[in-house]
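Biologist: Could you put the structure up and talk me through the helix packing and the pocket?

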Amino acid sequence: MNRSEFINEFKNLQNCALPKTSSLEKNQICVAIASLLNETMALDEILQVYSGSASKNYLSSIQSIHMQYLYCILTNNWFGMKSLYRINSELLLKLTLLVSDSSKSPVPISKTTFRFLKEELARVKLNSNQRRMIGKIENYFSKYSDIIHDKSTHDIQSISYLSAQISNVFLFSQLDMDIIREFNKYFYVVLFPLFNVNFYRLGSIERTRLKESVKIDKYDLIKNEFLNF
């Protein structure tokens, strides 16, 4: 969807469905996150065009995560967002492992540990930028797994917690923006090169989809730098 139309529809949805939560008009971080998610969804859709059935399944699952991010922003769901960071990280790493070695079968989620993924990815031939990006995603996987599985006792007052969820104060910060930006960057640095899809392979439909999802200066950067390999 066109970037401006997407943001306007997202704001309207919040105003209609959740009028008592903080307005997106007053929170530029959440607007920026939503805009970046729209771009990342466009990248996901483009890669699906050039994917086999196995990798397309992973990309479809990642696309669903992007939609859930938007829901968490609308509902001010901080814990849900952190849970999705962990799931997104796992899916990206598994997709990377699958695409980097076509002889491998899709990696079942229930049979893959973080240690296995890290060891297998360490054997994959990658450039230094890709290696750094994978390291960041592995760190997210580990960090947000610890948060989700934290078994320590917390003194949480249920009504106070629920009140915060529907308050006029957003629970998201620049840190969340930085994480979403890294997930977005992962497509350009790791996935598009592994799929061997550069800007010049894109058809007119894919180029239009990408152009509509970003500002014009970002599109020029994508064309001349990010996907110029």
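Modeller: Let me start with one crossing: H3 passes H8 in a left-handed way, where left-handed means that the near helix is turned anticlockwise from the far one by less than a right angle. Please keep in mind that this is a predicted model, in which local features need pLDDT of at least 70 and side-chain atom pairs count only at pLDDT 80 or more, while totals for chains, interfaces and linings use all residues. Residues are numbered from 1 along each chain as its sequence is written, and side-chain values use heavy atoms, with hydrogens and water left out.

Biologist: Which residues make the contact of H3 with H8?

Modeller: From H3 there are Leu59, Ile62, His66 and Tyr69, and from H8 there are Ile180, Phe183 and Phe187, with contact meaning heavy atoms within 4.5 Å. By class, that contact of H3 with H8 has six nonpolar, one polar and no charged residues; Ala, Val, Leu, Ile, Met, Phe, Trp, Tyr, Cys and Pro count as nonpolar, Asp, Glu, Lys and Arg as charged, and the others, Gly among them, as polar.

Biologist: And at what angle do H3 and H8 pack?

Modeller: Helix H3 (residues 53-75) and helix H8 (residues 174-194) pack at about 155°, with their axes 13 Å apart. That makes H3 roughly antiparallel to H8, since angles over 145 degrees count as roughly antiparallel and those under 35 as roughly parallel. The axes are lines fitted to C-alpha atoms, for helices over the stretch in contact, and the angles run from 0 to 180 degrees between N-to-C directions.

Biologist: OK, is H4 parallel or antiparallel to H8?

Modeller: The axes of helix H4 (residues 78-100) and H8 cross at roughly 10° and come within 11 Å, which means H4 is roughly parallel to H8. The residues of this contact divide into 14 nonpolar, four polar and two charged.

Biologist: What about H3 against H4?

Modeller: Their axes come within 10 Å and cross at roughly 165°, so H3 is roughly antiparallel to H4. The crossing of H3 and H4 is left-handed.

Biologist: Switching topic, what volume does the largest pocket have?

Modeller: About 560 Å³, where a pocket is, on a 1 Å grid over the protein atoms alone, an open set of points where a 1.4 Å probe fits, with protein on both sides within 12 Å along at least five of seven lines, and lining residues have an atom within 4 Å of a point. Of the 24 lining residues, the closest to its centre are Glu39, Asn184, Tyr188, Lys218 and Phe226.

Biologist: Which helix gives the largest share of that lining?

Modeller: H8 does, with seven residues. The lining has nine nonpolar, seven polar and eight charged residues.

Note on methods
Helix = DSSP H or I, 4+ residues; strand = E, 2+ residues; numbered from the N terminus. Parallel < 35°, antiparallel > 145°, perpendicular 65-115°, else oblique. Points joined across faces, edges and corners; volume = space filled by probe spheres on them.
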